[in-house]
Amino acid sequence: LERISAVLQGTHDNYEIDLMRALIGASAVATGVEPDGPFKVSHRVIADHLRAASFLVADGVLPSNEGRGYVARRIMR
């Protein structure tokens, strides 16, 4: 999804697509830290975890102690 979006939006960086920029922007607002400053990588990790968690929840995976639920729980932490 991200690679196709990056090609269509003319960027070589998956984190520069509109979906990820919105998540990074929300992370920056919530933390009060510039999105492209020294904590750029931290914002990218948060955005990637939010994306992964939303896909897991949309797939019907709920946090639990085993299997895919364990992965969801760890990502949300």
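Visitor: Where is Val 71 placed?
Guide: Val 71 sits in helix 4 (residues 67–76). Helices here are DSSP runs of H or I with at least four residues, strands are runs of E with at least two, and both are numbered from the N terminus.

Visitor: What kind of model is this, and what should I know before reading numbers off it?
Guide: This is a predicted model, in which local features need pLDDT of at least 70 and side-chain atom pairs count only at pLDDT 80 or more, while totals for chains, interfaces and linings use all residues. Residues are numbered from 1 along each chain as its sequence is written, and side-chain values use heavy atoms, with hydrogens and water left out.

Visitor: Back to Val 71. Is that buried or exposed, or in between?
Guide: Val 71 counts as partly exposed, at 42% relative accessibility. Buried means under 20% relative accessible area, exposed means over 50%, and partly exposed is in between, using a 1.4 Å probe and protein chains only.

Visitor: How far apart are Val 71 and Ala 26?
Guide: They are 45 residues apart in sequence, and their C-alpha atoms are 23 Å apart in space.

Visitor: How many helices and strands are there overall?
Guide: The protein has 4 helices and 0 strands. Read from the N terminus, the order is α-α-α-α.

Visitor: What box do the C-alpha atoms fill?
Guide: Roughly 40 × 30 × 15 Å, taken along the principal axes. The protein has 77 residues, of which 26% count as buried.

Visitor: Which residues of helix 1 are buried?
Guide: In helix 1 (residues 2–9), the buried ones are Glu 2, Ser 5 and Ala 6.

Visitor: Why are they on the same side of helix 1?
Guide: Because they cover an arc of only 100° around the axis. That arc is taken from the directions from the helix axis to the C-beta atoms. An α-helix has 3.6 residues a turn, so residues three or four places apart point the same way.

Visitor: What do those buried residues pack against?
Guide: The buried residues of helix 1 pack against helix 3. On the face turned away from that buried side, helix 1 carries the exposed residues Arg 3, Ile 4, Val 7 and Leu 8.

Visitor: And what follows helix 1?
Guide: Gly 10 does, with a positive phi near 75°.

Visitor: New topic. How do helix 2 and helix 3 cross?
Guide: The axes of helix 2 (residues 18–31) and helix 3 (residues 40–58) come within 9 Å and cross at roughly 115°. Axes are lines fitted to C-alpha atoms, for helices over the stretch in contact, and angles run from 0 to 180 degrees between N-to-C directions.

Visitor: Which residues make that contact?
Guide: Helix 2 supplies Met 20, Leu 23, Ile 24, Ser 27, Ala 28 and Thr 31. From helix 3 come His 43, Arg 44, Ile 46, Ala 47, Asp 48, Leu 50 and Arg 51.

Visitor: Arg 44 is in that list. Is Arg 44 buried or exposed?
Guide: Arg 44 counts as buried, at 17% relative accessibility. Beyond four places in sequence, its contacts are Asp 13, Tyr 15, Glu 16 and Ile 24.

Visitor: And Ala 47, buried or exposed?
Guide: Ala 47 is buried, with a relative accessible area of 0%. Leaving out neighbours within four places in sequence, Ala 47 touches Met 20, Leu 23 and Ile 24.

Visitor: Which residues make up the largest nonpolar core?
Guide: There are 5 residues in it: Ala 6, Ile 17, Met 20, Ile 24 and Ala 47. A nonpolar core is a set of buried Ala, Val, Leu, Ile, Met, Phe, Trp, Tyr and Cys residues joined through side-chain atoms within 4.5 Å.

Visitor: What else is Met 20 in contact with?
Guide: Apart from neighbours within four places in sequence, the contacts of Met 20 are Asn 14, Tyr 15, Ala 47, Asp 48 and Arg 51.

Definitions and conventions
Contact = heavy atoms within 4.5 Å.
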